[in-house]
Amino acid sequence: MREGPAREGPLAGRVAVVTGAARGVGEALARRLSKDGMRVALLGREAVTLRRAAASLAGPSLCVEADVTDQAALDRAARQVEDRLGPASVVVANAGIAAGGPFQRTDADLWRRVIDVNLVGSANTARSFLPQLTRTRGYFLQIASTAAFGSAPLMSAYCASKAGAESFAQALRGEVEGAGVAVGIAYLHWTGTDMVTGIDEHPVLVALRRHQPWFARRVHSPAEVADRLAAGVARRAPSVYAPSWLRWCVPLRPLFPALVSRIARRELRERSPDELAADVGVLGAGGRADWDAHMTATRAHPRPGPQTP
């Protein structure tokens with residue numbers, strides 16, 4: 001745990017937990033919340049990168065290496081956070097990975113892993129930390145995406161998981177509101193993390209960006225997005241939009257699936273199946289680190305196969 005000077009403000013002295021905090025938006029948000037005076041627990045899979053991120057924070061912090069798909073590991077993490085920093089007042093379910101490529105060409109275990117991390121991992125995070133949030137009358141922020149607005153072909157697992165995470169958070173909100181816990185959903189657009197490093201090679205995503213207005217094509221830095229998220233945390237906002245103009249798209253959401261499908265069909269017709277399957281796999285360094293760790297654990301502890309009678 002790293003100690004630092006106290007700061008004044010609505011969040012000062014309180015405890016925040018950020019999953020997926022080793023890099024990208026999670027790291028940037030942990031830094032911003034620390035700057036705002038919070039005591040920050042960083043949860044993630046990459047121990048070295050996680051410690052490096054924690055070392056850059058302005059105030060007290062704690063690193064916990066944990067897989068969000070492992071409920072027992074998250075329960076232990078929750079106990080560590082409370083013992084070392086105090087009960088959490090803010091929990092941000094940010095951990096996420098993505099895989100690209102045709103559904104039929106994508107490894108079934110990889111497709112399932114995206115769902116497990118992005119959706120089941122969010123539910124696990126809420127389950128472990130809700131007792132603390134109930135005591136502090138805290139705030140749970142689910143990181144979603146404009147992928148929930150209109151699902152893009154070749155990104156089926158990611159889009160399904162983000163739509164599911166949005167729906168989960170909406171249901172949870174109704175359940176915990178009476179206990180004084182607020183639930184927010186953050187909608188992120190193009191953000192400059194390693195997950196979108198290869199965006200210019202993804203035919204459908206390139207086409208979607210090309211058909212968007214100029215302001216919608218801009219890739220925003222993790223620091224910019226973290227500023228928007230931190231402002232939402234301070235307000236206990238039910239919805240956070242990064243960038244802010246996304247809020248004006250909400251009334252148009254019913255139109256997006258048909259629009260995305262129309263653009264995607266045209267692009268897919270122009271490419272052969274081999275072209276579309278060229279880059280099947282997990283996206284970004286963070287996703288690859290999670291997938292590698294998951295595969296190592298799977299090989300060490302294989303699932304039991306069907307029993308022969």
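Is the crossing of α4 and α5 left-handed or right-handed? In this predicted model, the crossing of these two helices is right-handed. Two packed helices are described by the angle between their axes and the distance between the axes. For helix α4, which spans residues 108–136, and helix α5, the axes come within 7 Å and cross at roughly 20°. Angles under 35 degrees count as roughly parallel, and α4 and α5 are therefore roughly parallel to each other.

The contact between α4 and α5 can be followed residue by residue. Sorted by class, the contact of α4 with α5 comprises 14 nonpolar, 5 polar and 1 charged residues.

Helix α4 also packs against helix α3, which covers residues 71–84. Here the angle is about 30° and the axes are 9 Å apart. With the limit for roughly parallel set at under 35 degrees, α3 and α4 are therefore roughly parallel to each other as well. The crossing of α3 and α4 is right-handed. From α3, the contact draws on Q71, L74, D75, A77, A78, V81 and E82; from α4, it draws on G121, N124, T125, R127, S128, F129, Q132 and R135. By class, the contact of α3 with α4 holds 5 nonpolar, 6 polar and 4 charged residues.

Rolling a probe the size of a water molecule over the atoms shows where empty space is left. The structure holds 1 cavity of 30 Å³ or more, and about 30 Å³ of space lies in the largest cavity. Its lining consists of A99, G100, G101, T106, W111, S156 and A157. Strand β5 (98–100) and helix α5 (156–176) each supply at least two residues of the lining. By class, the lining of the largest cavity divides into 3 nonpolar, 4 polar and no charged residues.

The lining of the second largest pocket divides into 4 nonpolar, 2 polar and 7 charged residues.

R137 lies in the loop between α4 and β6 (139–145). R137 has a positive phi of about 50° although it is not a glycine. The other feature concerns P243, which lies in the loop between β8 (239–242) and α8 (256–269). The peptide bond leading from A242 to P243 is cis, with omega near 10°.

Notes: Residues numbered from 1 in each chain as written. Predicted model: local features only at pLDDT ≥ 70, side-chain atom pairs only at ≥ 80, totals over all residues. Heavy atoms only, no water. 1 Å grid on protein atoms, 1.4 Å probe; cavity = no way out; pocket = protein on both sides within 12 Å on 5 of 7 lines; lining within 4 Å. Points joined across faces, edges and corners; volume = space filled by probe spheres on them. Helix = DSSP H or I, 4+ residues; strand = E, 2+ residues; numbered from the N terminus. Nonpolar A, V, L, I, M, F, W, Y, C, P; charged D, E, K, R; others polar. Axes fitted to C-alpha atoms, helices over the stretch in contact; angles between N-to-C directions. Parallel < 35°, antiparallel > 145°, perpendicular 65-115°, else oblique. Left-handed = near helix turned anticlockwise from the far one by under 90°. Contact = heavy atoms within 4.5 Å.
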